[in-house]
Amino acid sequence: MTRRITWTLLILTSVLLVLAVVPPAVSLTARERVAFRDSQRADTHVIAAAAEEHLSDREPATAMRRELETAARAGDCAAVYDASVRLVAGTSCAAARGEEAEELVERVLEGDEPESPENEGRLLTVEPAGEVREPSGAVVLARSAAPLDARVAAIWGWSAVIGTAGLAASVLLSVRLARWVSRPLSTLDVAARRLGEGTLDERADVGGGPPEARRPATTFNTMAARTEALVHGHRAVIADVSHQLRTPLAALRLRLDVLATGAEGETAEELAAAQEEIARLSRLVDGLLAVARAEQTTPRPTAVRVDEAVAERVAAWSPVAEERRVRLTASEGPP
């Protein structure tokens, strides 16, 4: 019963924890990814705005280079391409350059909005410089995904900690609850077994557990008390009656013995028959006394050697078996 209650509560708690922890963690992870990409796109858009002034308005590249330096100090890689997919300027980091970056630039110049891929642990974003329909170029920004991975790992780590703590608390509470419920029933079972073995003064503990488990213990104690009273009363009656009968029977037997000494004929026969009846009554009284004494002792099982018991029975019954031409054998085995 304890295991059944414990496993039921654990399974229920595990399901509730999964439903309560996993969906928020998935939602927070998705939100972190969206926020990270939006922040990267915003920084890319700032560089694209500065590049658009240089590419379309033919202004000096001072603002564009300043934004590229800012991106480099932040650990990002950036590259500016013109309308002919020719590299105009960029940071010293080469993660924003290459065939993949050029393909993304071509798609943006054609009016497409490609998804931000990941290249060597960095997320690539591309923003057009100028109008979306007729851009004068494009900017590629490559940012390390390590901060995003760290935040995602922290989200799932804290979710795992919360789930583990909840599961541990559930284990502790379920075990205590199961023991609180099953302990009165266990003590009641022990008390009933000892009462059945003859310990009439055995009582169940009614001090712990839920009320539903204490009520059967109280009922059992009432039943045990009544049973003890009935058994003791029965033993007392048998013993008292047996002792009370022994005295008049002995006196009657003595009187019959005195009368039988001088009796003859039919009178002697009647007196002998009466003496036999008195002897039979005496044996009955002795049997009642033996029963009363036997009921006061409770036999308990003890360990015996089976091989010795079998050998003893074979030796006891072999003479009878030989008279009927039967041969008794005992197989040898472990004690």
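Biologist: Is Cys77 buried or exposed?

Modeller: Cys77 is buried, because its relative accessible area is 1%. Buried means under 20% relative accessible area, exposed means over 50%, and partly exposed lies in between, using a 1.4 Å probe and protein chains only. Please keep in mind that this is a predicted model, where local features need pLDDT of at least 70, side-chain atom pairs count only at pLDDT 80 or more, and totals for chains, interfaces and linings use all residues. Residues are numbered from 1 along each chain as its sequence is written, and side-chain values use heavy atoms, with hydrogens and water left out.

Biologist: Thanks! How many disulfides are there, and which residues does the disulfide join?

Modeller: A disulfide is a pair of cysteine sulfur atoms within 2.5 Å. By that rule there is one disulfide, and Cys77 is joined to Cys93 with an S to S distance of 1.8 Å. The pair links distant parts of the chain, 16 residues apart: Cys77 sits in strand β1 (residues 77–82), and Cys93 in the loop between β2 (87–90) and α3. Helices (H or I, at least four residues) and strands (E, at least two) are DSSP runs, numbered from the N terminus. The link of Cys77 and Cys93 is right-handed, with 75° about the S-S bond. Cys93 is partly exposed, because its relative accessible area is 24%.

Biologist: Now to charges. What counts as a salt bridge, and how many salt bridges are there?

Modeller: Side chains of opposite charge can pair when their charged atoms come close. A salt bridge is a side-chain nitrogen of Lys or Arg within 4 Å of a carboxyl oxygen of Asp or Glu. The count by this rule is eight salt bridges. One of them pairs Arg143 with Asp76, whose closest N and O atoms are 2.8 Å apart. This pair links distant parts of the chain, 67 residues apart, with Arg143 in strand β5 (residues 135–144) and Asp76 in the loop between α2 (62–73) and β1. Both Arg143 and Asp76 are buried.

Biologist: Which residue forms a salt bridge with Asp82?

Modeller: Arg86 does, and the closest N and O atoms of that pair are 3.1 Å apart. Arg86 counts as exposed because its relative accessibility is 52%, whereas Asp82 is buried, with a relative accessible area of 9%. Another salt bridge joins Arg305 and Asp307, with closest N and O atoms 3.0 Å apart. Arg305 is partly exposed at 40%, and Asp307 is partly exposed at 30%. Salt bridges that share partners also join Asp43, Asp76 and Arg143 into one network.

Biologist: Which residues form the negative surface patch?

Modeller: Glu99, Glu100, Glu102, Glu103, Glu106 and Glu110 form the negative patch. Glu99 belongs to helix α3 and is exposed at 65% relative accessibility. Glu110 is in the loop between α3 (99–109) and β3 (118–119), and Glu110 is exposed, with a relative accessible area of 67%.

Methods: Patch = residues over 30% accessible without salt bridge, like charges linked within 9 Å, V, L, I, M, F, W, Y side chains within 5 Å. Areas by Shrake-Rupley, 256 points an atom, 1.4 Å probe, with all protein chains shown as cover. Lys, Arg positive; Asp, Glu negative; His and termini not counted. Charge placed at Lys NZ, Arg CZ, Asp CG, Glu CD.
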